[in-house]
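I set out to record what I looked up in this structure. The entries follow in the order in which I made them.

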Amino acid sequence: MDAGALLQLMVLGVALAVTVPLLGRWLAAVYDTGQPAPLDRLFLPVEQRLYRWCGIDPDREQRWDAYARSVLMFGLVGIVGLYGLLRLQGHLPLNPTGRSGVGPLVSFNAAVSFVTNTNWQAYAGESTLSHLSQMAGLTVQNFVSAAVGMAVGAAVIRGFARSGSATIGNFWIDTVRSVTRVLLPLSIVLALFLVSQGVIQNLHGLQPVTGIDGTTQVVPGGPVASQIAIKQLGTNGGGFFNANAAHPFENPGPLSNLVQVWAILALPLAFPLAFGRLVGDRRQGRVLLAVMVGLWLTSVLVATYAETGGNSRAPAGVTQAPTTELAGGGWMEGTETRFGAAGCGLWAATTTATSSGSINCQHDSMTAVGGGTAMVNILLGELSPGGVGVGLMGLVVYAVLAVFVAGLMVGRTPEYLGKKIQATEVKLAMLYLLAAPAAILALAAASVVAGPGQAGIANPGPHGLSEVLYAFGSGAGNNGSAFGGLAAGSDWYGITVGLAMLIGRFLLIVPALGLAGSLAAKAKVPVTAGTFPTHTPLFAGLVAGVVLIVAGLTFFPALALGPMLEALQS
Amino acid sequence: MIRQLRPALVALALLTLATGIVYPLGMTAVAQLAMPGRADGSIVTVDGRPAGSALLAQPFDGPTWFHPRPSAAGSPGAAYDAAASGGSNLGPTNPELLATIAERAGAYRRDNGLADGTEVPIDAVTASGSGLDPDISPANARLQAPRVAAGRGLPLDPVLAAIDAATRGRTAGVLGQPRVNVVELNAGLAALGA
């Protein structure tokens with residue numbers, strides 16, 4: 001690993017250390033019901049009118065089941081609306097490239113994908129979508145799917161913060177506030193910064209020009225910066241262009257690259273700190289943050305080491321030496337020169353540890369160890385730090401499981417943050433833990449035996465299995481990145497990955513809300529000498545251990561046949 | 001469930017208006033007023049006419065131009081297609097990819113008059129992630145310089161100076177990788193004449 005890789009990691013670390021605590025405080029203020037929230041004077045009058053038109057009483061909170069029904073209905077309406085827009089885009093304005101309506105299967109897949117915050121893309125953006133679809137369809141779901149995840153995260157936090165409460169907040173208020181108080185202001189600043197770095201923001205179509213050597217070129221156009229800003233801040237990850245953040249018009253240089261990595265990480269990392277503040281013990285938030293950062297940083301170092309180390313199978317007579325003369329060297333297939341192999345490793349680990357799924361290098365072409373690291377990150381369950389709001393939700397479920405395991409070892413009824421963890425909570429936690437792995441393994445197994453599933457695999461050998469496993473991990477993890485050789489637009493993968501995305505979103509959110517509802521209703525038990533402390537490094541190790549053991553027990557056999565076998569062959 | 005329908009419909013409609021119409025169009029207006037050059041794609045000009053974007057590779061070929069990295073964008077035979085970005089998606093152990101790299105290395109040595117066994121920079125024989133990577137490594141640019149100088153009937157020095165002019169170091173000495181922008185480099189050559 002060269003000095004450049006470590007230097008950029010240190011700059012990122014400083015930027016996060018300064019901003020994440022501020023954002024944690026901000027989020028806590030936004031979701032602290034009953035207290036004035038930041039920017040009230042600006043947004044409250046607008047929001048109050050919106051609530052009136054919606055027929056919502058902003059002073060009334062919801063029980064967990066009503067909260068969950070709101071999540072499901074908002075998702076359903078979002079899917080139907082986006083599906084309709086994509087099908088009809090040929091008849092609608094803001095279509096300078098003259099794109100016709102998207103086919104039914106890809107429209108279904110894309111609508112599910114963006115509503116579930118996955119942003120798996122079974123199409124190439126620049127050759128499929130009109131500007132209107134990108135703006136009023138995808139950009140909107142970039143905002144609201146992130147806001148729904150944040151709302152759910154806030155509701156789960158309230159489950160632990162409250163006692164004897166029948167309600168866990170109001171979904172509509174949490175969602176609207178997530179957009180107005182957090183995502184929109186940050187996106188405006190980030191979008192303008194990205195334009196200053198060279199990300200385009202216009203309404204042109206494909207403009208033909210005569211190139212320097214006289215050949216004909218096209219220069220694509222579109223409202224790109226506005227979409228890229230929210231794509232990163234909301235851990236969405238769906239690119240305007242097919243090449244995503246590897247495209248120079250989405251990510252023109254090293255500075256735009258680092259700022260986008262920051263944007264992917266900032267809000268998911270701020271959520272545990274907001275959690276600590278709202279449950280009234282900031283140490284509890286810092287422990288979860290430490291688990292997230294530890295898992296993320298480990299994966300960054302492994303992926304960077306693998307990519308900068310080069311591909312041992314590269315033919316003789318080609319040099320991958322890690323020197324500045326070679327732009328950092330390392331394995332460069334699918335990697336952009338301005339980021340280098342080190343930039344690829346940092347981004348790939350970050351985008352899979354969060355549920356972003358945007359890419360700045362093609363994961364399918366990464367080294368076996370680098371691509372395998374990305375896959376392991378996804379299969380951990382998107383909690384290191386995971387998506388905005390939902391990443392914290394996932395880690396809290398693991399924390400519940402960790403105190404349960406600790407309780408079993410000492411023979412006491414487990415408690416977490418003063419709440420007794422009993423049969424209901426453990427059942428809901430297990431439902432949460434099993435839904436995504438069951439979907440991933442069952443659908444991947446079906447795909448490697450069924451003809452249409454096999455036909456969609458692009459690369460031979462163990463790498464082919466990796467493509468399939470990665471696809472369903474990415475779908476059910478609501479990540480959205482891909483081993484892109486897989487025929488994502490085929491009927492088989494269009495439907496099966498669509499199913500995985502729905503399961504990985506809603507079959508996780510509903511039990512987590514149930515858990516929050518059950519906990520919110522409970523009284524807090526006082527801390528005694530026998531209480532297992534959950535603010536210590538020991539507990540951080542226990543949570544990380546449970547995460548790794550559960551993922552290991554679930555996925556080791558599949559990983560052994562995919563990336564691990566490939567790594568041994570190379 | 002049905003009681004949730006009205007808030008869902010109204011909230012989606014209003015948030016679409018705010019985040020899907022007002023926000024992107026507002027950003028477009030501000031960007032076009034404040035930074036029109038960047039917002040329209042960082043267009044380079046040659047002899048006063050627009051000649052593509054400094055950020056997007058062009059299919060430079062033949063002895064008189066510096067060649068960009070191989071591209072998997074567009075269809076085979078029509079690479080560097082900025083309307084169809086993308087990488088090869090070939091895996092690191094895929095025999096097809098490894099054979100292609102060996103073939104490209106041979107062609108690179110032949111084109112640039114390098115001895116058999118000369119080590120070819122990795123960036124010169126691998127396809128980029130976007131297929132539109134405008135940059136090459138400094139080593140790659142210098143290995144091509146003698147061919148370009150000969151092709152244009154120029155001494156080597158001004159060509160090397162053009163490389164230096166198109167080279168960017170790490171941002172703030174820290175971020176990214178040192179690299180040479182092929183579009184700007186070739187635009188500079190076109191200005192040199194010959």
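I began with two helices of chain A: helix 1 of chain A passes helix 9 of chain A in a right-handed crossing (the near helix is turned clockwise from the far one by less than a right angle). The contact between helix 1 and helix 9 of chain A involves 22 nonpolar, 3 polar and 2 charged residues. I noted that the model is predicted, with local features needing pLDDT of at least 70 and side-chain atom pairs counting only at pLDDT 80 or more, while totals for chains, interfaces and linings use all residues. Residues are numbered from 1 along each chain as its sequence is written, and chains are lettered from A in the order in which they are written.

A:Gly310 follows helix 10 of chain A and has a positive phi, near 85 degrees.

I then turned to chain B and its open sheet of 3 strands, in the order 4-6-5 with antiparallel pairing (two strands pair if DSSP finds at least two bridges between them). Strand 4 (135–136) and strand 5 (167–168) of chain B are at the edges with a single partner strand each, so one side of each lacks a neighbour in the sheet. Strand 4 of chain B is joined to strand 6 (residues 179–181) of chain B by 2 bridges. I found B:Asp135 opposite B:Asn181 in strand 6 of chain B.

How values were computed: Side-chain values use heavy atoms; hydrogens and water are left out. Helices (H or I, at least four residues) and strands (E, at least two) are DSSP runs, numbered from the N terminus. Ala, Val, Leu, Ile, Met, Phe, Trp, Tyr, Cys and Pro count as nonpolar, Asp, Glu, Lys and Arg as charged, and the others, Gly among them, as polar.
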